[in-house]
There are 4 protein chains.
Amino acid sequence: MIVVMKRGASPEQIQHMIERVEGLGLKAHPIYGTERTVIAAIGEKRDEHRQSLESGPGVSEVVPILAPYKVASREVRPESTVVRVGSLAVGNGIVGMIAGPCSVENYEQTVDTARAVKEAGATALRGGAFKPRTSPYSFQGLKEEGLKILAAARDETGLAVVTEVIATEDVDLVARYADVLQIGARNMQNYRLLEAAGGSGKPVLLKRGPSATMDELLLAAEYVLNAGNPNVMLCERGIRTFESHTRFTLPLASIPYLHERTHLPVVVDPSHGTGHASLVAPMASAAIAAGADGIIMEVHPDPEVAMSDGFQSLTFYQFKETMEVCRRVAEAMGRRIVPNEGG
Amino acid sequence: MIVVMKRGASPEQIQHMIERVEGLGLKAHPIYGTERTVIAAIGEKRDEHRQSLESGPGVSEVVPILAPYKVASREVRPESTVVRVGSLAVGNGIVGMIAGPCSVENYEQTVDTARAVKEAGATALRGGAFKPRTSPYSFQGLKEEGLKILAAARDETGLAVVTEVIATEDVDLVARYADVLQIGARNMQNYRLLEAAGGSGKPVLLKRGPSATMDELLLAAEYVLNAGNPNVMLCERGIRTFESHTRFTLPLASIPYLHERTHLPVVVDPSHGTGHASLVAPMASAAIAAGADGIIMEVHPDPEVAMSDGFQSLTFYQFKETMEVCRRVAEAMGRRIVPNEGG
Amino acid sequence: MIVVMKRGASPEQIQHMIERVEGLGLKAHPIYGTERTVIAAIGEKRDEHRQSLESGPGVSEVVPILAPYKVASREVRPESTVVRVGSLAVGNGIVGMIAGPCSVENYEQTVDTARAVKEAGATALRGGAFKPRTSPYSFQGLKEEGLKILAAARDETGLAVVTEVIATEDVDLVARYADVLQIGARNMQNYRLLEAAGGSGKPVLLKRGPSATMDELLLAAEYVLNAGNPNVMLCERGIRTFESHTRFTLPLASIPYLHERTHLPVVVDPSHGTGHASLVAPMASAAIAAGADGIIMEVHPDPEVAMSDGFQSLTFYQFKETMEVCRRVAEAMGRRIVPNEGG
Amino acid sequence: MIVVMKRGASPEQIQHMIERVEGLGLKAHPIYGTERTVIAAIGEKRDEHRQSLESGPGVSEVVPILAPYKVASREVRPESTVVRVGSLAVGNGIVGMIAGPCSVENYEQTVDTARAVKEAGATALRGGAFKPRTSPYSFQGLKEEGLKILAAARDETGLAVVTEVIATEDVDLVARYADVLQIGARNMQNYRLLEAAGGSGKPVLLKRGPSATMDELLLAAEYVLNAGNPNVMLCERGIRTFESHTRFTLPLASIPYLHERTHLPVVVDPSHGTGHASLVAPMASAAIAAGADGIIMEVHPDPEVAMSDGFQSLTFYQFKETMEVCRRVAEAMGRRIVPNEGG
């Protein structure tokens, strides 16, 4: 942490801040520049408490130097984490392909989709049983019945099941049926839920909130990791920007950036990230070229009548074509999509 | 809803979409323009399901016409809602002033602050007992002990207590001590929590998420209202933008915009909205000039040692000065800050 | 400047960077922390060249400490600048009110508007003769004829004329007719134009670009100031964010922030900043409450038929009402709108 | 255009707006819904003038239906444009690779870089002679001397030269030396400059402004195209968002989106788009996977001492490796980087 004093800060103010820094158990190291004094504060603690120093007399700003996360950091654990569960493997050169409908609508729609995506090479099935919906008037999901349908689809196809959990009180129920618990973008900072998912024993797919910074995402992962769960996949699904021709802006530079900072695998969601079916395939291949460890996509037998997100869902045929181009790009990058052998 | 066909959409595609629209129980009204055909879909239903039409053959885009919220809408209820609880009144010309520490740290800090803000004219006390923190290594709040301290501060001063609830399972506990339940920005789309708070019988202060649109905020309010709770205060607390000289960007145009669309009162949080104590007073006055029905501010006996948010907390003296200018602006606008008579 | 080394940077890398820093004529001051080494670089130069140090071996990032602008800085010149030209005064407690049509369309429209806004208390007339338009198919302005009409309106009313210049080659022409040269948001970083306007001898109203940071705005002002022109007014007119219910997001916290950092006056444009006539009055008053030194607003005799920006233009009656509330707020803040005595 | 009336708009207001629409030479087509009336306005004109209808009595909003650009539209010209000049070809399956230093610093640095990038397979040389710099205290470029050095580098290597022009008065000079005129992001809406570049006879590389929408970018291209110049390359170089771990956010979904809407080729700049050398290679490959027709990258013999943008410049070795992965991805996508045969 660097405490930057205002130009013209008095010796008393500087002395006061040196004492504050030392009062926090840090070593204060003042540097008297030509225009300003800065005080470098040296020590291991990272707690936010210290930012309150910015209220001190004569202080211009406080600049943090250390990353706020620890367990997720590649500095702490240099080897890339690989998450494996059932048919799904994600990380360190293996690209997991997760596909399925936005919402589980009924048995037939779900199992047909599971078969189709498996046939095309997907390595896991996604599908929502508990749906967090912007509007209370929208379809809210089949809940436990949806979970049962997903489990049946796994029985039919051997595909691992990825599904969202939206509340602490549902974690046990969802964990009974699912292979991977998805924490949605709206809940990225629902810390109770993160802790509960962390304690469930199931791998967690943690989606980035639409206005979350990289540090905030990694700190959210840290809540899960600290609950004793090492199997966290980060998911980039787009951020809110001024762009309106896409539903969100999908910033693929997150992938190599995260690979530098963390050992956790990075999955990309080009369906939510773009909001238009025609943009999904190019962004899925681009994500793999940028180094993504997994892709999660929405697929529906007839997107036009989907109960949610039809506009961004691929048909079976579109998904098959998307898989082919993804496979070619993965090969070009020296990585591989492990074909699913189940069922 | 307007279904805009692509230039060159075939008569079969147009006919297909007309049938889709009618299949949803809407009346389809095609308009053949010089360059494109659009299909106006007339009817009352608002469900999102219909956006899936965007996947239809030959469709360029689907433009919604109706606002997605109902109960919150001023079209449905033209009279402004006034929320009253204990010493606090907010709405329709009365400006509620809510002030207090970011976190409840101990009895003395809280009660001293309550006395100071009451003395300066605040009409309610804020203070966090359950703290949602970006980092798992930050202070997480005193929990029930914090709630007891807040209740004690109310006993001492007569000020109504506003405090955050961060999980469904805590709603009953928090509602036992608090006068107003605050839903924080991170939880604006935690729908289970919105429903639980809606069922608590206590007024709700609902903060806008940092990337939420106005429609999303109003739909979140709709979750609370639909649980039978009419006492919802919306709170603008800033959005995430590229600006980094402030913690968030505080867009005060939300206030008159919301007043046009909804009957619910609008409170503004200039502490989180700016992240710098020196910017709080100007933005508090500006919010009142723009029509805010309430202001919520962070105040601390010694911000430099606050356990959270010290950089944006006012001292007692700064708060007193801020109250004075707010009062003058409210008067200039023909509105009033009701002085607290309690204690 | 602080050069932050990566965790695990080697002694050779640290030594290399110390030499690089000293090679730039700065004094290098290494600080060996528990996790990382940082090198404080002390000296007066601010040139961007130094950021290239970020490419050095073992470097994590380079954190600037000094503000990049000089002449605009309040640290350099503590007294607030007041810009005075003809009927207009802006700064240090005097709030200038600039109003008029988006585009000069014809003599009658312009002179009628000038009379109406003067009558209501405006202190200067705005109006565009050279119009930078997003679409080549939109009305591009009356050019020199428009300037002549503006000059005639000044003759009729005594109001100072503020008008935009969009190209270096037009600066002399525009300066012959105008009292203030406006640099539009699209041209905030058109450095040749800034220099030319700086050399014109006329005060400059410099609009913030919709994605410009505060530092970028102040550096743009520095281009004008360095051309020998001390009369620069900064203008906040809104930024591009994800919000779509307003044309731009108008971040009024810029006003007190800029007042802390610079001695230049700050004008606010609530017309472009909101894009809706109904939001202009609340945001004009809010801007004054937040400390704005001036307001610039669009007014048109019949907004519905305006050749540009009708949706955000006030009628004469709306402007009169807006002026009244602005005056009351200015008084509440201890500032004043100087009534125009001309004509 | 759809004029959406407010709920409860009176029959007189609706009739008034029908007349306004017809007064603009459009056919008005009112649709009386269950909650609101909308008026579809049919006709060919696109001028912005019509948005002023939003000021009409009882009007809620005006929704445009037609894209505002014409000549750039793929609807008007379905075949993809290929731009060819000297060693460079861009578009329709051919990926142009443009590389070179941010600034031309001297003969040796530029010619060495030209040789290195040609050797690695680049098809054109970039380099700035006129530098638009955020700070007046930064290096502003070698100007004509820089152009001469670029021309010498072309003589040495056969590489086509891409260089920026920042002012109308420089267009002739720059066009004498350059093969492609680059319009920088800051000047995307400098319409005079667009027109002058359009009239120069040289192909234009038009960079997206950091807060420009797709429509604004295409309308800027339209200014160049309308000046009689069909050889326009659009360049995505990142947008301003809340993300601070990258210099800008590089939204690759622009590529397939633009390919749907326009016949113009799309070039991507991963150097400015990320601001970190380590992120350039992944984003260059990702851009090609997403369909980019060209990549423009910064390369410097020793980035650590570059006079500008060192932090985002590749070394010769890094560039060679980046080219190899780009080539493999292009092949996987069925596209090709044409090897340069010159020199």
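Biologist: What should I know about the numbering and the pLDDT limits?

Modeller: Residues are numbered from 1 along each chain as its sequence is written, while chains are lettered from A and ligands numbered from 1 in the order in which they are written. The model is predicted, local features need pLDDT of at least 70, side-chain atom pairs count only at pLDDT 80 or more, and totals for chains, interfaces and linings use all residues.

Biologist: How many strands form the closed barrel in chain A?

Modeller: Strands of a sheet pair through backbone hydrogen bonds, either parallel or antiparallel. Here eight strands, β7-β8-β9-β10-β11-β12-β13-β14 of chain A, close into a barrel with parallel pairing. Strands are DSSP runs (E, at least two residues; helices are H or I, at least four), numbered from the N terminus, and two strands pair if DSSP finds at least two bridges between them. Strands β7 (96-100) and β8 (124-126) of chain A, for instance, share two bridges, and A:I98 has A:A124 as its bridge partner in β8(A).

Biologist: Which strands does helix α2 of chain A lie across?

Modeller: Helix α2 (107-120) of chain A lies across β7 and β8 of chain A, at about 150° to β7(A). Angles run from 0 to 180 degrees between N-to-C directions, with axes fitted to C-alpha atoms, for helices over the stretch in contact.

Biologist: How many residues does each chain bring to the contact of chains D and C?

Modeller: Contact means C-beta atoms, placed from the backbone, within 7 Å. Chain D brings 47 residues and chain C brings 47. On the chain D side, α6(D) gives the most, with five residues.

How values were computed
Two residues are in contact if their C-beta atoms, placed from the backbone, lie within 7 Å.
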